[in-house]
Amino acid sequence: MKKYIIHHINVIIIALRILITVAAIMAVLNIGMGLFALIKNDHGIARSFLAQTFKVPDFTINEEVGVAATFGVLYGALLIYLIYGIKHFYRCLVKIKAGKMFYNDQGEDFRKAGASIIIFAKTKYLLYCCTGVVVFFDITMFFKQILPFLGIYLAGKLLYLMAYMAEKGEFIQEENELTI
């Protein structure tokens with residue numbers, strides 16, 4: 001049974017490593033593309049960068065370069081914040097794999113991970129919807145982003161649930177140690 005659990009934890013740890021790596025690459029690319037468009041002051045670069053995510057109108061917007069720079073830097077910063085939260089979850093799983101099923105501050109680590117994932121989900125949804133609706137008049141962005149938002153948001157809530165379970169487990173473990 002223990003081998004079975006360790007196998008699943010290993011799979012999750014590998015997936016988290018991949019997620020952290022991909023998020024870091026995406027953060028660097030978004031910040032880099034936003035700043036590159038701003039430095040070059042090139043509407044073509046800004047337009048192609050924004051067209052990857054949004055329905056960009058055929059006409060050129062004067063603030064297109066500024067929108068691309070702002071969006072790229074903000075989304076890159078959000079991804080860096082997501083990495084911060086995922087690292088708390090990663091550390092929890094590594095300690096569990098090492099045999100420490102419950103340890104001090106485990107609930108706090110799960111809570112920090114859950115909170116940062118929820119904040120990422122909400123802020124990403126707002127960033128995408130505000131940019132899409134306000135700048136490009138794309139009302140459908142509210143509906144396009146709702147499923148990714150809910151998936152990430154529910155993952156954060158699941159980590160909050162795990163934080164509660166870890167706190168109860170810590171309490172029970174302390175009680176057992178005092179009883180013996």
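This report covers the packing of helices α1, α2 and α3 and the largest cavity in a predicted model.

## Helices α1 and α2

Helix α1 spans residues 2–40 and helix α2 spans residues 43–51. Their axes lie 8 Å apart, and the packing angle is about 155°. An angle over 145 degrees counts as roughly antiparallel, and α1 and α2 are therefore roughly antiparallel to each other. The crossing in which α1 passes α2 is left-handed.

On the α1 side, the contact is made by N30, M33, F36, A37 and K40. On the α2 side, I45, A46 and F49 take part. Sorted by class, this contact of α1 with α2 holds six nonpolar residues, one polar residue and one charged residue.

## Helices α2 and α3

Helix α3 runs over residues 64–97. It packs with α2 at an angle of about 50°, with the two axes 8 Å apart. That angle makes α2 oblique to α3. As α2 passes α3, the crossing is left-handed.

From α2, the residues H43, A46, R47, F49 and L50 meet α3. Their partners in α3 are E64, V65, V67, A68, F71 and G72. By class, the contact of α2 with α3 comprises seven nonpolar, two polar and two charged residues.

## Helices α1 and α3

The axes of α1 and α3 come within 8 Å and cross at roughly 160°. This makes α1 roughly antiparallel to α3. The crossing of this pair is left-handed. In the contact of α1 with α3, 30 residues are nonpolar, five are polar and three are charged.

## The largest cavity

How many cavities of 30 Å³ or more does a search of the whole structure find? The search finds one. The largest cavity holds about 40 Å³ of space.

Its lining consists of A121, K124, Y125, Q145, P148, F149 and I152. The elements that contribute two or more residues to this lining are α4 (106–135) and α6 (146–179). By class, the lining of the largest cavity has five nonpolar residues, one polar residue and one charged residue. Under this classification Lys counts as charged, and K124 is among the lining residues. Tyr counts as nonpolar, and Y125 also belongs to the lining.

Methods:
Residues are numbered from 1 along each chain as its sequence is written. This is a predicted model: local features need pLDDT of at least 70, side-chain atom pairs count only at pLDDT 80 or more; totals for chains, interfaces and linings use all residues. Side-chain values use heavy atoms; hydrogens and water are left out. Axes are lines fitted to C-alpha atoms, for helices over the stretch in contact, and angles run from 0 to 180 degrees between N-to-C directions. Helices (H or I, at least four residues) and strands (E, at least two) are DSSP runs, numbered from the N terminus. Angles under 35 degrees count as roughly parallel, over 145 as roughly antiparallel, 65 to 115 as roughly perpendicular and the rest as oblique. A crossing is left-handed if the near helix is turned anticlockwise from the far one by less than a right angle, and right-handed if clockwise. Contact means heavy atoms within 4.5 Å. On a 1 Å grid over the protein atoms alone, a cavity is a set of points where a 1.4 Å probe fits but cannot get out, and a pocket is an open set with protein on both sides within 12 Å along at least five of seven lines; lining residues have an atom within 4 Å of a point. Grid points are joined across faces, edges and corners, and a volume is the space filled by probe spheres set on the points.
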